[in-house]
Amino acid sequence: ELYRLLPVMEPEGQELSEEERVKAIARPLLSWFASNARTLPWRTNQNPYPVWISEIMLQQTRVEAVKPYFKRFMEQFPDVEALAKAEEEVLLKLWEGLGYYSRARNLKKAAIIMMEEYGGAMPKTYEALLKLPGIGTYTAGAVASIAYKIPVPAVDGNVMRVLSRLLESRQDIGKPQTKKKFETLLLSSMEQKEPGLFNQGLFEVGALVCIPNGAPKCSLCPLSSLCKTRKKGLWDEIPVKSTKKGRRIEEKTVFVISGQKEEKEWVALRKRPDQGLLAALYEFPNVEGHVQLESFGEGTQKNREISQIIGVAEEQIQQVEFLGEAKHVFSHVEWHMIGYGIRLGNSLPESFVLADIQELEGKYPLPNAFLAYRKALFKAK
């Protein structure tokens, strides 16, 4: 066995430098990863394409949540050429629920560049990967090291937490200069022969052992004998991360407008603008603020208010139902929503898309922000 899991101890009375400490973790880390790595669908081979797709999906998203998305995506777009030719609505529909939809659009942009400039293959250098849309230092490092065995780091939140504790670093991991420092340190100190396994080993330790919430599982950690934070019992102080600014609260009233036409059930949708939050996705019609229709009581006054908001004649409103409250959290904003189910006759404003309810699940990319009201729609059916 090339790498054996033996504890690496510091010489008594002599503290290792940061570079020496990082170099010393390679042997136990690789041996531990060989025995403890999770079986994940994107690890079945080291082809750069699935590595790239998985790393983009895993940004801001849990591994278990990504698995079914990855499977469906690879079936629909098995290679760069298929992705470059993808219709945007099909692509976004496959991405529905993963959030951060600009990631999906950047995948297609990058695939088109690969078709035009690299013959349908992924670039084989770290520098070229870094120039593609949606690829930063972390993703470029992951693809380059795993697929091409180029010894470059891939530093994400897991890796910064592991290194911060290993080195007893109190530098703020929320700041770009801290990430840059760790990238520079790893570039000069990381495993050279198996850089992909080294990087994945650090990811795995951060995900399974040196966890983000709660006490790390130091007794299971292959780096424990070298970890300065473990020795001093400072895990609850390290890593240091500055407090994020509070999210902006936006109140919205959502209208789930449905009806029947030619024996088919339909629901009203509208397409969001091509720029900005949830760009070019579909949504249930909504307005800013909370419209408290309950205060109008039953009958004419309530229908008059609804008709003015959604632009239909009062006589077309057959039923109004309060669908409750819902909240959706984005990175910088929270939507606090209330919703109403509105049943209409055979009239629909031209500004809305008349979507067959049976096609809603398979055709129209509807973001998870509206999940509670989509569930209410289908529950009613």
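## Terms and model

A cavity is a set of points, on a 1 Å grid over the protein atoms alone, where a 1.4 Å probe fits but cannot get out; lining residues have an atom within 4 Å of a point. Grid points are joined across faces, edges and corners, and a volume is the space filled by probe spheres set on the points.

This is a predicted model: local features need pLDDT of at least 70, side-chain atom pairs count only at pLDDT 80 or more, and totals for chains, interfaces and linings use all residues. Residues are numbered from 1 along each chain as its sequence is written, and side-chain values use heavy atoms, with hydrogens and water left out.

## Largest cavity

Searching the whole structure gives two cavities of 30 Å³ or more. The largest has a volume of about 130 Å³. Its lining counts 15 residues, and those closest to the centre are R165, C210, C218, C221 and C227.

Two elements give two or more residues to this lining: helix 10 (157-167) and helix 13 (228-232). Helices here are DSSP runs (H or I, at least four residues), strands likewise (E, at least two), numbered from the N terminus. Helix 10 gives the most to the lining of the largest cavity, three residues. By class, that lining holds 11 nonpolar, two polar and two charged residues. Nonpolar covers Ala, Val, Leu, Ile, Met, Phe, Trp, Tyr, Cys and Pro; charged covers Asp, Glu, Lys and Arg; the others, Gly among them, are polar.

## Second largest cavity

The second largest cavity has a volume of about 40 Å³. Its lining consists of Q46, S145, I146, K149, E194, P195, G196, L197 and Q200. Helix 9 (137-148) and helix 12 (195-208) each give two or more residues to it. Helix 12 supplies the largest share, four residues.

## Helix 3 against helix 9

The axes of helix 3 (residues 48-58) and helix 9 come within 9 Å and cross at roughly 150 degrees. Axes are lines fitted to C-alpha atoms, for helices over the stretch in contact, and angles run from 0 to 180 degrees between N-to-C directions. Helix 3 and helix 9 are therefore roughly antiparallel; the cut-off for that label is over 145 degrees, while 65 to 115 counts as roughly perpendicular.

Contact (heavy atoms within 4.5 Å) involves P48, V51, W52, E55 and I56 of helix 3, and Y138, T139, A142, V143, I146, A147 and Y148 of helix 9. These residues divide into 10 nonpolar, one polar and one charged.

## Helix 10 against helix 11

Helix 10 also packs against helix 11 (residues 176-189): their axes come within 11 Å and cross at roughly 75 degrees. The pair is therefore roughly perpendicular. From helix 10, V159, M160, L163, S164 and L167 meet K179, F182, L185 and L186 of helix 11. This contact has seven nonpolar residues, one polar and one charged.

## Backbone geometry

Most residues other than glycine have a negative phi, and most peptide bonds are trans. Which residues does a cis peptide bond join? They are I238 and P239, with omega about 10 degrees. P239 is in the loop between helix 13 and strand 1 (248-261).

E168, not a glycine, has a positive phi of about 55 degrees. E168 sits in the loop between helix 10 and helix 11. A280 has a positive phi too, near 65 degrees. Its place is the loop between strand 2 (264-271) and strand 3 (282-283).

Notes: 1 Å grid on protein atoms, 1.4 Å probe; cavity = no way out; pocket = protein on both sides within 12 Å on 5 of 7 lines; lining within 4 Å. Parallel < 35°, antiparallel > 145°, perpendicular 65-115°, else oblique.
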